[in-house]
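Below is a short note for a colleague who is new to reading structures. Please keep the sequence and the 3D view open while going through the points.

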Amino acid sequence: MFFNDQDIQFDIVDSNTTRKVLAHSDQLMYVKVMFAKAQTEEILLHKHVHEQVTYVIKQTVKEGDSIHFPSDTLHGCIPLEDGGILLDAFTPARADFL
C-alpha cells in the first residue's frame, strides 16, 4: 500500500526522458515523467489502450494544467526546456512499465 520514493528506481525511456513508477495496483498507476529539453521538434507520437490523465508539474504548458487522453488516442510531447516534470495516471495500470 505504501511506496517509499527513495526505494523506487528511475527508468531511462530515451535520451531526454526518465520515469519513475509511483504507487500502483493492477488497475491504476501514477508515473512521474521527467524531461530534458528536446533536441528536435519532431513529436514521437504513440498510443495505448490505457486511459491516461496527465498533471503538469513543471513545463511550458502551464503548471497545474491537466490533460486527458482517452484510450487509443495518438499523442506525444516536445519538451521545450530542461527540467519538465509530468505526473501521469493510467488505468488499467501499464504492465509494460512494471
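## Notes on the predicted model

1. Asp7 is found in the segment before S1. This is a predicted model, and every remark here should be read with that in mind. Asp7 counts as exposed because its relative accessible area is 58%.

2. How many salt bridges does the structure hold? There are two. In one of them, Asp5 pairs with Lys20, and the closest N and O atoms are 3.1 Å apart. As background, side chains of opposite charge can pair when their charged atoms come close.

3. Are the two partners buried or exposed, or does each fall in another class? Asp5 has a relative accessible area of 43%, so Asp5 is partly exposed. Lys20 has 5%, so Lys20 is buried. Lys20 has a further neighbour to look at: Lys20 lies over the face of Phe10, 4.4 Å from the ring centre.

4. The other salt bridge to inspect is between Arg94 and Asp96, with an N to O distance of 2.7 Å. Arg94 counts as buried because its relative accessibility is 9%.

5. The structure holds one aromatic pair. Phe90 and Phe97 make this pair, which is edge-to-face: the centres are 5.6 Å apart, with 80° between the planes. Phe90 counts as buried because its relative accessibility is 3%. Phe97, at 13%, therefore counts as buried as well. The ring of Phe97 has a charge over it: the charged end of Arg19 sits there, 3.7 Å from the ring centre.

6. His24 is placed in strand S2. With a relative accessible area of 30%, His24 is classed as partly exposed. Which residues does His24 touch, not counting residues up to four places away in sequence? They are Phe3, Met29 and Leu98. His24 can also be related to the aromatic pair: His24 and Phe90 are 66 residues apart in sequence and 9.3 Å apart in space, C-alpha to C-alpha.

7. Asp26 is in the loop between strand S2 (17-24) and S3. Asp26 counts as exposed because its relative accessibility is 67%. Leaving aside neighbours within four places in sequence, Asp26 contacts Pro92 and Ala93. Pro79 is elsewhere: 53 residues from Asp26 in sequence, and 30 Å in space, C-alpha to C-alpha.

8. A cis peptide bond joins Thr91 to Pro92, with omega at about -5°. Pro92 lies in the segment after strand S6 (84-91). For context, most peptide bonds are trans, and most residues other than glycine have a negative phi.

9. Asp72 is not a glycine, but has a positive phi of about 60°. Where is Asp72 found? It is in the loop between strand S5 (66-69) and S6. Asp72 counts as partly exposed because its relative accessibility is 43%.

10. Asn16 sits in the loop between strand S1 (11-14) and S2. Why does Asn16 count as buried? Its relative accessibility is 18%, and the buried class covers values under 20%. Setting aside neighbours within four places in sequence, the contacts of Asn16 include Met34, Phe35 and Pro79. Also among them are Ala36, Lys37 and Ala38.

11. The surface has a nonpolar patch of about 290 Å², made by Ile43, Leu45 and Leu74. Ile43 is in the loop between strand S3 (29-35) and strand S4 (51-58). Ile43 counts as partly exposed because its relative accessibility is 40%.

Notes:
Residues numbered from 1 in each chain as written. Predicted model: local features only at pLDDT ≥ 70, side-chain atom pairs only at ≥ 80, totals over all residues. Heavy atoms only, no water. Patch = residues over 30% accessible without salt bridge, like charges linked within 9 Å, V, L, I, M, F, W, Y side chains within 5 Å. Areas by Shrake-Rupley, 256 points an atom, 1.4 Å probe, with all protein chains shown as cover. Salt bridge = Lys/Arg side-chain N within 4 Å of Asp/Glu carboxyl O. Helix = DSSP H or I, 4+ residues; strand = E, 2+ residues; numbered from the N terminus. Buried < 20%, exposed > 50% of the residue type's maximum accessible area, 1.4 Å probe, protein only. Contact = heavy atoms within 4.5 Å. Phe/Tyr/Trp six-rings, centres within 6.5 Å; stacked < 30°, edge-to-face > 60°. Lys NZ or Arg CZ within 6 Å of the ring centre and 35° of its normal.
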